[in-house]
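The sequence and structure are shown first for reference.

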Amino acid sequence: MPATHYFRPIPQPDGGRWRLAGGWVGFSRLERLSRDAPPVIVEEAPPEIIAALTAPRAPVLGLAMDAPRIMGIVNVTPDSFSDGGRWDADRGLAQGRALIDAGADMLDIGGESTRPGAAEVSVADEMARVRPAIEALGDRIPVSVDTRKAGVARAAVGAGAGMVNDVSGLDFDPGMAAAVAETGAAVCIMHAQGVPATMQDDPRYGDVLLDVYDALADRIARAEAAGIPRDRIVIDPGIGFGKTGDHNLAILRRISLFHALGAPVLLGVSRKRFIGTLAGVDQPDRRDPGTLALTLAAVAQGIQIHRVHDVAGIRQGLTLWRAAQDGSRQAAQDIAWQAAQEQPGSRQATERGYGA
């Protein structure tokens, strides 16, 4: 049943009344959203909402969620939109190692393209593509398998994958939720409208932000009913999957809403077509600056996991963003300390002639 009101935390990089998801962003106010009224800024929300927004997130693949994490993409496919066929010959091993050396925290290995218009791949072919990379790279770094199929998920976890990244959000294969529950793996539940072959054929929503939120809430409930605990669930709003450019931007502008679902949030915007449309860049591998801009905007809203092609560029951007934010926070703390010291009656105020 859709909610009546939705509460989006308004992030504050320099503190706030509450800490968002146990991470690096705070908030003191919220935006109350509904389907039949304009947004309203409020300073309170139901206790269960505040609890969901503030509870520290469980680690994902052994990695704490108190800092942004970079997931490097390894597409062992001949038809990926960004690098199709480039890593197929060596089974993605060189690319995976390069992403590890560039600073990836985890890898997502996929053997079936889910670009718009992509055709389905058999379980046997998909598994033959991803197994070598999972087995070779899983000893060096946490690995996720990008698949919609329960058979591939079971085999991939057996080969060393610790998470199943299902872009269908458990909708494609009826056996996926049970397979994940039985293996004990984590799962990333993504929202998509339709299947890759047709998902960009005139996608429509009543309110894309709230519709996606409700759909993810339903899928989380389905996963839990199948035996997957909440602390093994990650969510992804599915940028570009059955969404127009305007839909994507509406989600990105208010993406902190999804923290209210009580799970870590993964964002996959890397090199996607709407970036090229907005920036006027046709070649996917030239969309990394736009990817970095959207990544940093999402990090400022507390989004924990970022699935990207250009790990080195995103790592550099995050390093500089963190340095700038740390300086901003220190400056804010210095100002607050100074103000406190200069209150009437303080030693500093007396010395400066402000009076006792």
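This is a predicted model: local features need pLDDT of at least 70, side-chain atom pairs count only at pLDDT 80 or more; totals for chains, interfaces and linings use all residues.

**Note on salt bridges, strands and burial**

1. Asp 214 is buried, its relative accessible area being 12%; buried means under 20% relative accessible area, exposed over 50%, and partly exposed in between (1.4 Å probe, protein chains only). Its salt-bridge partner is Arg 35, at 2.8 Å from N to O. Arg 35 counts as partly exposed because its relative accessibility is 39%. A salt bridge here requires a side-chain nitrogen of Lys or Arg within 4 Å of a carboxyl oxygen of Asp or Glu.

2. Residues are numbered from 1 along each chain as its sequence is written, and side-chain values use heavy atoms, with hydrogens and water left out.

3. For the chain as a whole, 52% of the 356 residues count as buried. The accessible surface comes to about 15,000 Å², and 52% of that area belongs to carbon and sulfur atoms; areas come from the Shrake-Rupley method with a 1.4 Å probe, and for residues only the protein chains shown count as cover. The secondary structure consists of 11 helices and 12 strands, taken as DSSP runs (helices H or I, at least four residues; strands E, at least two) numbered from the N terminus. Among contacts (heavy atoms within 4.5 Å) between residues at least 6 apart in sequence, 66% join residues at least 24 apart.

4. How many salt bridges does the rule give? The count comes to 19. The pair of Asp 214 and Arg 35 is one that can be examined for its position in the chain. It links distant parts: Asp 214 belongs to helix α6 (residues 208-225), whereas Arg 35 sits in the loop between β3 (26-33) and β4 (40-42), 179 residues apart.

5. Since Lys 149 lies in the loop between β7 and α4 and Glu 126 in helix α3, the pair ties together parts that are 23 residues apart in sequence. Salt bridges with shared partners join Glu 112, Glu 126, Arg 148 and Lys 149 into one network. In general, side chains of opposite charge can pair when their charged atoms come close.

6. Which surroundings does Glu 126 have? Glu 126 is part of helix α3 (residues 123-137) and counts as buried because its relative accessibility is 0%. Beyond residues up to four places away in sequence, Glu 126 touches Gly 111, Glu 112, Val 121, Asp 146, Thr 147, Lys 149 and Val 152.

7. Strand β5 (residues 69-75) runs parallel to β12 and is joined to it by four bridges; Gly 72 has Val 308 as its bridge partner. Strand β11 (residues 266-267) also pairs with β12 in the parallel sense, over two bridges, with Leu 266 opposite Ile 305. Pairing requires that DSSP finds at least two bridges between two strands.
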